[in-house]
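Subject: Structure handover

Hello,

Please read the notes with the model open.

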Amino acid sequence: GDLLKVKVNKLTSIKTQLPYSYYSLPFCPPKKIVDSTENLGEVLRGDRIENSPYVFKMRDPQMCTVLCRITLDAKTAKQFKEKIDDEYRVNMILDNLPLVVPIRRSDQDSSTVYQLGYHVGLKGQYSGSKDDRYFIHNHLAFTVKYHRDPQTDSARIVGFQVKPYSIKHEYEGKWNEKSRLTTCDPHNKRTVVSSNTPQVVEAKKEIIFTYDVEYQESDVKWASRWDAYLLMNDDQIHWFSIVNSLMIVLFLSGMVAMIMLRTLYRDISRYNELETQEEAQEETGWKLVHGDVFRPPSNSDLLCVYVGTGVQFLGMVLVTMIFAVFGFLSPSNRGGLMTAMLLLWVFMGIFAGYASARLYKMFKGAEWKKLAFRTACMFPGIVFAIFFVLNAIIWGQKSSGAVPFGTMFALVLMWFGISVPLVFVGGYVGFKKPAIEDPVRTNKIPRQIPEQAWYMNPTFSILIGGILPFGAVFIELFFILTSIWLNQFYYIFGFLFLVFIILLITCAEITIVLCYFQLCSEDYLWWWRSYLTSGSSALYLFLYATFYFFTKLEITKLVSGLLYFGYMLIASYAFFVLTGTIGFYACFWFTRLIYSSVKID
């Protein structure tokens, strides 16, 4: 007999990607609408959690409870029609569980899949007529599943399901508070079991909203109540994709190791033997450029900024993944992932400052404060600008997905109040440390780079370098995109962590191999190229996102398309910074390693 609080969340649609708050449609409101407090992640996702007029009492079934009766005017009818057209779904929450609609699959095992939220209504035709009519789901048959504790006889909620129906309710006489419906009457055992006489959405029509609640005892324990939500797709695809990627990576690693060991070992030993012979003069390859390899690149400040940002990103992703793998960020903690990532990003600023300042000092830079400021503002500035424009577009659509001004202010405060000072602290510490020594001396006069073969052309080798890291992640990428844009849960962080490790290894290896070939053909401009080689996988990521947009999503509105590509651009930019930094550090380590192992007079 305890009261259960049913809360309503945003209306969502995979066709428009614009969430709206529940009461933006004229549904039955409670006496006073109370907004639940949302965390930062929830606000950014567009969650607006509010109370609802539904009154449930635990283990006390109800039938045909009338919620309210509304009469549509032209405006409200149009609102309902638009939302039904765009296939909007209503999301509700009971005891932190989202509402689902069970759908029986018609194939052989007749298993049940769960769809998050029920559709506002549906479009259809009366038999014998060609006109499209809009019907609203005005009767909801809720099922609350509970698990009983045999000792105390108390129960906990483990499931929240609904079957929506559209029915034109009828009653006798004039409508008042005590009117009994003839279409749904618990005393005459008349219940709603089908949508055979649906309720049309049109101006001047009245709609009566009703609901049933039934309670079912369930064997599912409270701790595993999320399993039904999460076991939506087969794990086998993931295992298959991971084994696939691992095979490719192992094969690559084997090849890399072979090339490296054989060439390097042979090269170094031969070089050290040939000191006396005149062949030493004709010896070509990477040793000839030893006097130029560590010459600082053009735009070295920018490289330092990007490397610092990449370190910040890497730290954030690694820590987030570790938390997620240990189950701290389960989907039941709405918005937890987003909040964690933002906070981690801000606190990782100290590493960004440190990494960029160390590199800057090695390049003989002097103005570390200017550099720290650029590191703190460049990447977040660009992302914030894109985000601001997208937010303005969403705001123009009156969607709840628009981030309110207060939250915007909080984000800016986090950026300039925590992140920027931390970058400066890191920069100060990094700049105070002694500079990294080069293993070989740099000549005063740069040597000429000989004519390169077509396949050693920078553009070509950079584009080739991005294919393999992208290949390692793209199957998992499909699931991530699906969970973001098709409103499903993503929870397989264990797989994601494996894929991420595979990505790191692939980025490092491909960059090292291409860097080695580049040095062997006496081209010593490797600094930027190592960053761009693995970073170019972001280009493939964006192309894949475009392909996904046209093949999997049914987005027709311009605004929604802009949103999709805007967010995908931010994601690709972040991916570029992350993979580029990994490639750069791999190459940096590798060149220092090979040049320190050679005797150079």
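Which residues of the largest nonpolar core touch the most other members? They are L519, W526, W527, Y564 and Y595, in a core of 97 residues. Helix α15 (residues 558-596) supplies the largest share of this core, 17 residues. Domain 2 (296-436) and domain 3 (466-600) each contribute at least three residues to this core. Please keep in mind throughout that this is a predicted model.

Setting aside neighbours within four places in sequence, W527 is in contact with V293, F294, R295, P296, P297, L303, M362, F363, F584 and F588. As background, nonpolar side chains in soluble globular proteins tend to be buried together.

Overall layout

The protein chain has 601 residues, of which 51% are buried. It contains 15 helices and 13 strands, and its C-alpha atoms fill a box of roughly 115 × 60 × 50 Å along the principal axes. Of the contacts between residues at least 6 apart in sequence, 80% join residues at least 24 apart.

The domain assignment gives domain 1 (3-229), domain 2 (296-436) and domain 3 (466-600). The centres of domain 1 and domain 2, taken over C-alpha atoms, are 42 Å apart. Their contact takes 20 residues from domain 1 and 20 residues from domain 2. Between them, domain 1 and domain 2 bury about 1600 Å², and 62% of that is on carbon and sulfur atoms.

How many of the 39 residues of α15 are buried? The count is 28, so α15 is largely enclosed by the rest of the structure. The end C-alpha atoms of α15 are 56 Å apart, which agrees with the 57 Å that its 39 residues should span at 1.5 Å a residue.

Helix α14 (residues 537-552) has 16 residues, which should span 22 Å at 1.5 Å a residue, and its end C-alpha atoms are 22 Å apart, in agreement. The residues S537, A538, Y540, L541, Y544, A545, Y548 and F549 of α14 are buried. Their cover includes α11 (458-485), α13 (527-535) and α15.

Helix α2

Helix α2 (residues 74-85) has 12 residues and reaches 16 Å from its first C-alpha to its last, close to the 16 Å expected at 1.5 Å a residue. T76, A77, F80, K83 and I84 are buried in α2. Seen down the axis of α2, these buried residues fall within an arc of 130 degrees, so they line one face of the helix. In general, an α-helix has 3.6 residues a turn, so residues three or four places apart point the same way. The face of α2 turned away from the buried side carries the exposed residues A74, K75 and K78. Among the elements that cover the buried residues of α2 are β3 (62-71), β9 (121-124) and β10 (133-136).

Q79 is also in α2. Q79 is partly exposed, with a relative accessible area of 25%, where buried would need a value under 20%. Leaving aside neighbours within four places in sequence, Q79 is in contact with S24, L25 and P26. Q79 and E451 are 372 residues apart in sequence and 67 Å apart in space, C-alpha to C-alpha.

Positive phi

Most residues other than glycine have a negative phi. Which residue with a positive phi follows α2? It is E87, with a phi near 60 degrees.

R59 is not a glycine, yet has a positive phi of about 55 degrees. R59 lies in the loop between β2 (50-57) and β3, and is partly exposed, with a relative accessible area of 32%.

D95, also a residue other than glycine, has a positive phi near 50 degrees. The loop between β4 (89-94) and β5 (97-98) holds D95, which is partly exposed at a relative accessible area of 36%.

Regards

Definitions and conventions: Residues are numbered from 1 along each chain as its sequence is written. This is a predicted model: local features need pLDDT of at least 70, side-chain atom pairs count only at pLDDT 80 or more; totals for chains, interfaces and linings use all residues. Side-chain values use heavy atoms; hydrogens and water are left out. A nonpolar core is a set of buried Ala, Val, Leu, Ile, Met, Phe, Trp, Tyr and Cys residues joined through side-chain atoms within 4.5 Å. Buried means under 20% relative accessible area, exposed over 50%, partly exposed in between (1.4 Å probe, protein chains only). Helices (H or I, at least four residues) and strands (E, at least two) are DSSP runs, numbered from the N terminus. Domain bounds come from an automatic or database domain assignment. Contact means heavy atoms within 4.5 Å. The expected span of a helix is 1.5 Å times one less than its number of residues. The arc is that of the directions from the helix axis to the C-beta atoms. Buried area is the accessible area (1.4 Å probe) that two parts lose on being put together, summed over both.
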